[in-house]
Amino acid sequence: MANLWRILLAIFFIGGLASCGENPKKKDLIKDEIIYHIFQRSFFDSNGDEHGDLLGIEQKLDYLQQLGVSSILLTPLYESVYYHNYYSSDFQKIDSTYGTMDDYLSLIKQVHKRGMKLYMDMETQYVTQDHPWYKESYGNPSSRYSNYILYDDKEQLSPSSIVFNLHDLLGYDGQRRKITTVNLLNKEVIKYNKELFTYWLDPNKDGHFEDGVDGFRLDHM
């Protein structure tokens, strides 16, 4: 199962590279790629709410291209209580402070129009107590999500720690949230991840990738 997971991730990443019509075997193309890592919350604020956003990135594409940037890597876009958007409460929602799905699609269009690429940071191995998998399985062994989360006890009252024996972290709103590890070997979790990654590669599901992300950074890979 672990090998299947690695193969799936490799397919996703290579598929993302192929989305721009480039041959990933051409080492000179990959070698010449200059990636600019954007922490979008502090990059550029387009609407004055003191949060960097997707429209702000779009407005700075000419500037980035002038620097010689050929690809952009974003920190996570999905909903989270943390300022860096790691440790998600919903992998399928864009943080509203960054904008909307339309803003995202507009950014993708403008990136590709310039011959650039966009990569997305994905971290689906952890969830917070606000995520449905955690909420519905905690203390409930009969939950349909029981095998989505790693627990250290049969009663499912002791979710497994994340790195360095951490069980919670301070959230962006000043409150502590519990965090735990997802069971990445669960067939249903693998299916969910495959569908999630495929969605970002081809949001409108038309089989063409010009409206999708070009690849992923897989956190803790």
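Which residue caps the N-terminal end of helix 7? In this predicted model, the cap is Asn186, with a side-chain oxygen 3.1 Å from the backbone nitrogen of Glu188.

## Helix 7

Helix 7 covers residues 187–201. Its 15 residues should span 21 Å at 1.5 Å a residue, and the end C-alpha atoms are 21 Å apart, so the two values agree.

Several residues of helix 7 are buried, among them Val189, Ile190, Tyr192 and Asn193. Leu196, Phe197, Trp200 and Leu201 are buried too.

In soluble globular proteins, nonpolar side chains tend to be buried together. Here the largest nonpolar core has 38 residues. Helix 7 supplies the largest share of this core, six residues. The residues with the most contacts inside the core are Ile72, Tyr104, Met122, Trp200 and Phe216.

## Two residues with positive phi

Tyr87 is not a glycine, yet its phi is positive, about 65°. This residue sits in the loop between strand 3 (78–80) and strand 4 (88–94). Tyr87 has a relative accessible area of 12%, so it is buried.

Lys205, also a residue other than glycine, has a positive phi near 55°. Lys205 belongs to the loop between helix 7 and strand 9 (215–218). Its relative accessible area is 69%, so Lys205 is exposed.

Conventions. Residues are numbered from 1 along each chain as its sequence is written. This is a predicted model: local features need pLDDT of at least 70, side-chain atom pairs count only at pLDDT 80 or more; totals for chains, interfaces and linings use all residues. Side-chain values use heavy atoms; hydrogens and water are left out. A nonpolar core is a set of buried Ala, Val, Leu, Ile, Met, Phe, Trp, Tyr and Cys residues joined through side-chain atoms within 4.5 Å. Buried means under 20% relative accessible area, exposed over 50%, partly exposed in between (1.4 Å probe, protein chains only). Helices (H or I, at least four residues) and strands (E, at least two) are DSSP runs, numbered from the N terminus. The expected span of a helix is 1.5 Å times one less than its number of residues. A polar contact is a pair of N or O atoms within 3.5 Å; within protein, one must be able to donate a hydrogen and the other to accept it, and residues adjacent in sequence count only if both atoms are side-chain atoms.
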